[in-house]
Structure formats: structure tokens, C-alpha cells
Amino acid sequence: MTPPKRLLPHRLAIIGGVCWSLAGSTPAHAQFPELPTFQDLGLEYISESGFFQLLLSGRLDVEGSHISNEWAPSPLPAEECDACHVDLAREMQNGEGTLRTHRLRVFADIFLGDHVYSLIEFRNDNGLENLRAPQRTRLEQAFVRVVTGSGTEGVQLGRFASPFGSYALRHLTTVDPFLNPPLAYDYRTVMNRWRNPVDGTDFMRWKDAVHEIDLPGAPPVWDVPYQWGGMVFGQVGPVDLRAALMNSAPSSNPRQWRFDTERLKRPSVVAGARWKASASMEVGASYNRGPWLAEPQAQVDASPPGQPTGVPPDDFQDFDQELISIDVSFARGPAMVRAEFIRDRWEVPNVTGMPTGISGSLEVQSDVAAGFFIAARGGFVDFRPLDVGAGAEDWDYDVRRYEGAVGYRLSRNLGLLLSGYRQLQSVRDDGDTDFVGLRLWWEF
């Protein structure tokens, strides 16, 4: 007799590498022939005793998008070629360009008894650090989780999504109704890993050096950082707690997410809590502090422009990024509302004080008919004044983004998503951006 299959952990928890899930309802779908899944094809293994289980699943996203950047430079500086958006901008004519891409993910869920669980994810796409890079396949997640009998306490080791913030909990799921992350997880600030300011005055001019600074700049949080580290988690009443040591900061480039024992010696510290206030409402908070400027030894030894002389390479790991996030989600019937606020502070070489930014987003999603849902989101990043001796002024230009999306679930595992946004700079007239994209997704 084949043993019964254990219930898989909620996909939100698998992707986020945490032990809680967001409240929400499963949307109805239209009548459409269903494409097969691995489970439908019998591609799984369960031992006779049920102790060992190997379950496969996956998702394919095919996307086409059009973007219009009024700042799109031509030509571009050669030294910034590895920065995200650069090759996309290189393809643009008069500030416009079209991007076609895909994302293939295959998951292996492994169970050893009732206390050991492992997830392995392989991904094929163009990579985050270069949108126009050749296709490549890589190991995106690989972790082992050991839990107590109740399953609410345990430890997790390996490569998984940083537990900071709330976006990793819903990334690329049915409750992620936009093609792009919230603004704080996507917008490039002037924080530059390749160049250090000579002094505070030099740093303050960076917001007007669009071609050389903005393109390779670091966002407060880089999408969903899949980093190496360890995490412990537990539950006290209705509150889920977590603490982790990760090998890089949330703003670090994907190249820093790779396994590196040197970075693990100076980890990023993460702590968070999530309170299930009611059946409809959850409130979360998290904190992160860790080095954001640390580069591979070869890059540090290259002495990028502005690097202080006579400073040992290890000292560059002393420049930390500190973030605090608060989020809330509320679900009732077919509707869901989410809000998140993040305060971000950076330590910058040769700059007195810590440049600070405050960002936030508010989004609403609702089913409107069988298979159809709509969503809207507004976001902002407010760069706070910084005093470098000549009076206080904002260290970057504030930005706002307004987004809309329409989704259609063709069947239980196949759907379409149309999403677009208008992004506005508060001061610079040439900083506005328009984006529209279409995604076809298939979960198998």
C-alpha cells in the first residue's frame, strides 16, 4: 500500500524560506484545458515506509515588456557594463526599448521523516545583474530545515531568500500581481559599489551624474536576495519569530550572493517577527544590518576611483547598511490590501553621517469575476536631507511609482498577467519612466 503523501509546505514559505504564510483566498479560474504537472505525470518518489519523499514542481514565466526611460544614455560608460539595466539601455533608441525574456524554475521538495525538509531550486534565465546576459542555469536555492515535532520551531541552513521584509513571502505567487517588485526592492539609488566619493561634497553631486552613477546604483533591497546563511525560527503564541545570519546585505549585487567563507566571517544580521492578529490580518517587522560595500578581494585590490589610500581591504566590510521594515496585510473575501514601510541607512566612505531613505508601498488586489483579478499599487522613496558642511539637502531625488495590473487565470495552473507603471522623479525632468509588460505563466 502506498503511504499517504504528506502535505507540502505552503509555497510562500518555500520561496521565502520562512515558516509563515500570508492570508488570502485562492482565486477562481476560467474553464480552460489544463496543462499537466509533474504530479499528474507521476514524477515523484515515495519510499514504501513513507520516510523518504521526493516531490517535483516548477514554473515557467514567459515575458515581453516595453520600457521608456527619458534618461537612457548613449553611449554608456564601458566600466559600468556589468550593471543591470545597462545593456537594456544600450538597446534603446531615443530612450525606448523592448525586452523579451523567460524564467524557468524547477523545485525538488525532499522529506526525511517528520523533522527534516530540504528544498532545491534550479533556475534558468538571464540573471539579475545583467538583463541582456546569455541564458544560464544556476542553483538558486538549496537549504535544509530541521524542525521540532510541532513544526513551529527549528533551524535552516543553506542558500535561501533573505528573511528581511515581506516581498519574499509572495514573490512570483498568485498574490504577487505585478511584473515588478515594489519600488523599494527595485529602484536604483546613487549608492555605488564601484566608486567611492572623495568627500561629502563629491557624494552630493552624484544625484546629477545619471550616466555614471544611477545605472550601477544599489536599491535598498535587491528584489529577492537568495543568499547563503543560517536561520533559527520559533513561535510564541500568535507571533512567529526568526533570526538569521546571511552572507551579504539586502542591497548587495547578486554576485555577492554566492558562497564565500570570507563574507560569512562578517555576516548580515537579520531579525524579524510576524503577528497573526486575526484570521484576516497579519503584521510583520524586520531588521537587518550588515556590510553592503564588501567586494571580492580582486575588486578591492583594483583600487576603484575614490578609494582611500592606506586602508586595508578588510576595512571596506565596515561600511554597513541598516534597514527596518514594518508591513501589514489584510484579506477579506476576494480582496487583499498590503502596505510596507522601510527605513534604510547607509555608511559611505569619506561621508560624515548616514544617508537615510524612507520608502513605502500600498497595494490592493481583488478578484472581480471567474478567473479575473485587478490590482493597483503606489510606492515612493523619500531621500532624507544630509548635511555635509554646506547645509542640508536631499542626497538623491525623491521618486514615486503608480502601477496597475490585470490578471486572468486560464486554468488552475496557467494564467496571463498584464502590468504597467508610471515612475516620476520629484525634481529632474528627465527621470520619468514608463513600463508595460505581459507575462504568461505555467505552474507544473
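Student: Is L172 buried or exposed, and why does it count as such?

Tutor: A residue counts as buried when its relative accessible area is under 20%. In this predicted model, L172 has a relative accessibility of 3%, so it counts as buried. L172 is placed in the loop between β6 and α3. Its phi is positive, about 55 degrees, although L172 is not a glycine.

Student: Which residue other than glycine has a positive phi near 50 degrees?

Tutor: That residue is D223, whose phi is near 50 degrees. D223 belongs to the loop between α4 (210–214) and β7. With a relative accessible area of 14%, D223 is buried.

Student: Where does L183 lie, and which residues is L183 in contact with, leaving aside its neighbours within four places in sequence?

Tutor: L183 is found in the loop between β6 (154–161) and α3 (200–204). Its relative accessibility is 2%, so L183 counts as buried. Once the neighbours within four places in sequence are set aside, L183 contacts G379, F380, V381, V399, R400, R401 and Q423.

Student: How many aromatic pairs does a search of the whole structure find, and why is the pair of Y117 and F143 described by the angle of its planes?

Tutor: The search finds 15 aromatic pairs. For Y117 and F143, the ring centres are 6.3 Å apart and the planes stand at 65 degrees, so this pair is edge-to-face. The cut-off behind that reading is an angle over 60 degrees. Y117 lies in strand β4 (residues 116–125) and F143 in strand β5 (residues 136–147), so the pair ties together parts that are 26 residues apart in sequence. Y117 is buried, with a relative accessible area of 6%, and F143 counts as buried at 1% relative accessibility.

Student: Which residues form one aromatic cluster, and which rings have R188 and R377 over their faces?

Tutor: The cluster consists of Y187, F203, W206, F383 and W395. R188 lies over the face of W222, 4.4 Å from the ring centre. R377 lies over the face of F178, at 4.1 Å from the ring centre.

Student: What is the mean pLDDT of the protein chain, and where does pLDDT stay under 50?

Tutor: Where pLDDT is low, the predicted coordinates should not be read in detail. The mean pLDDT of the protein chain is 80, and 77% of its residues reach 70 or more. Over residues 1–28 pLDDT stays under 50, and the model has 88 contacts beyond four places in sequence for this stretch. The pLDDT is also below 50 over residues 296–311, which have 22 contacts in the model beyond near neighbours in sequence.

Conventions
Residues numbered from 1 in each chain as written. Predicted model: local features only at pLDDT ≥ 70, side-chain atom pairs only at ≥ 80, totals over all residues. Heavy atoms only, no water. Helix = DSSP H or I, 4+ residues; strand = E, 2+ residues; numbered from the N terminus. Buried < 20%, exposed > 50% of the residue type's maximum accessible area, 1.4 Å probe, protein only. Contact = heavy atoms within 4.5 Å. pLDDT = per-residue confidence, 0-100. Phe/Tyr/Trp six-rings, centres within 6.5 Å; stacked < 30°, edge-to-face > 60°. Lys NZ or Arg CZ within 6 Å of the ring centre and 35° of its normal.
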